[in-house]
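Colleague: I'd like to learn how to read a model like this one, feature by feature. Can we go through it together?

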Amino acid sequence: MAVTSESVIPLWKELEFYKEYQTKLRTYLGNQKANEILTEAVYVTSLGRNDFLENYYTLRDRRSQYTIEQFQVFLVGISRGFVKALFDLGARKISLGGVPPMGCLPLERTTNFREGNECLESYNVVSMQFNGKLKGLVGELNKELQGIKLVFSNPFYVFMQIVRRPSKYGKLGLILNFD
């Protein structure tokens with residue numbers, strides 16, 4: 001991730017951890033068995049949410065560096081590099097996850113006083129635009145990288161269904177604390 005928050009592991013560090021894991025797996029199982037496991041595994045990734053919410057929208061400097069369109073293109077480039085790095089390390093089955101409707105996340109709604117704590121539609125538009133770009137990237141990389149099975153996982157519409165009709169997905173509970 002491009003995020004610099006201390007609680008988020010940057011993608012380059014995640015790749016370093018993965019390389020360490022590969023070394024340990026090969027030591028334990030041997031090269032042939034480890035390679036079989038590594039190429040048959042399904043890799044599930046998710047990119048972008050923290051980059052937008054903890055970086056672009058929070059840091060004034062970032063917004064002065066990039067328009068929202070430019071920042072999306074920047075993140076798609078990072079996503080491309082990350083998927084290619086995984087591929088180079090033997091990953092063949094990868095799910096590239098998009099972003100949920102960021103404007104409907106609890107913190108964004110809670111701080112949206114002007115609109116009565118409703119979803120921030122401008123953030124949701126960015127979510128849809130970015131997901132469209134990631135979907136396009138998936139198509140490109142499937143053509144470019146021989147043997148990859150890359151799919152785009154879009155959480156946007158599932159999440160929006162839950163936001164629009166929460167009672168369909170569970171009961172609303174109320175917890176009272178009289179301490």
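Colleague: Let me start with a single side chain. Is Y21 buried, partly exposed or exposed?

Modeller: Keep in mind that this is a predicted model. To read burial, take the relative accessible area and see which class it falls into: under 20% is buried and over 50% is exposed. Y21 has a relative accessible area of 41%, so the residue is partly exposed. Y21 sits in helix α1.

Colleague: Let's zoom out, then. How many helices and strands does the protein have?

Modeller: Eight helices and three strands. Reading from the N terminus, their order is α-α-β-α-α-α-β-α-α-β-α. The protein has 179 residues, and 38% of them count as buried. If you take contacts between residues at least 6 apart in sequence, 69% join residues at least 24 apart.

Colleague: Now helix packing. At what angle do α1 and α5 pack?

Modeller: Look at the angle between the axes, then at the distance. Helix α1 covers residues 11-29 and helix α5 residues 68-88; they pack at about 5 degrees, and their axes are 11 Å apart. An angle under 35 degrees counts as roughly parallel, so that is how α1 runs relative to α5.

Colleague: Which residues make that contact?

Modeller: From α1 you have L11, E14, L15 and Y18, and from α5 there are I78, F82, A85 and L86. Sorted by class, the contact of α1 with α5 has seven nonpolar residues, no polar ones and one charged.

Colleague: On to strands. Which residues of β1 are on the covered face, and which on the uncovered one?

Modeller: The general idea is that side chains in a regular strand alternate between the two faces of the sheet. Here, strand β1 (residues 42-46) has Y43 and T45 on its covered face, while V42, V44 and S46 are on the uncovered face.

Colleague: In which sense does β1 pair with β2?

Modeller: In the parallel sense, over five bridges, with β2 made up of residues 93-97.

Colleague: What about disulfides: how many does a search of the whole structure find?

Modeller: Such a bond is covalent and links the sulfur atoms of two cysteines. The search finds one. C104 and C119 form it, with their sulfur atoms 2.1 Å apart. The torsion about the S-S bond of C104 and C119 is about 120 degrees, so this disulfide is right-handed.

Colleague: Which parts of the chain does the pair tie together?

Modeller: C104 is in the loop between β2 and α6 (106-110), and C119 is in the loop between α6 and α7 (121-144), so the bond ties together parts 15 residues apart in sequence. C104 is buried, at 4% relative accessible area, and C119 also counts as buried, at 11%.

Colleague: One last residue. Why does N131 count as buried?

Modeller: Under 20% is the cut-off, and N131 comes in at 3% relative accessibility, so this residue counts as buried. N131 belongs to helix α7. Setting aside neighbours within four places in sequence, N131 is in contact with G98, V99, F152, N154 and F156.

Conventions. Residues are numbered from 1 along each chain as its sequence is written. This is a predicted model: local features need pLDDT of at least 70, side-chain atom pairs count only at pLDDT 80 or more; totals for chains, interfaces and linings use all residues. Side-chain values use heavy atoms; hydrogens and water are left out. Axes are lines fitted to C-alpha atoms, for helices over the stretch in contact, and angles run from 0 to 180 degrees between N-to-C directions. Helices (H or I, at least four residues) and strands (E, at least two) are DSSP runs, numbered from the N terminus. Angles under 35 degrees count as roughly parallel, over 145 as roughly antiparallel, 65 to 115 as roughly perpendicular and the rest as oblique. Contact means heavy atoms within 4.5 Å. Ala, Val, Leu, Ile, Met, Phe, Trp, Tyr, Cys and Pro count as nonpolar, Asp, Glu, Lys and Arg as charged, and the others, Gly among them, as polar. Buried means under 20% relative accessible area, exposed over 50%, partly exposed in between (1.4 Å probe, protein chains only). Two strands pair if DSSP finds at least two bridges between them. A disulfide is a pair of cysteine sulfur atoms within 2.5 Å.
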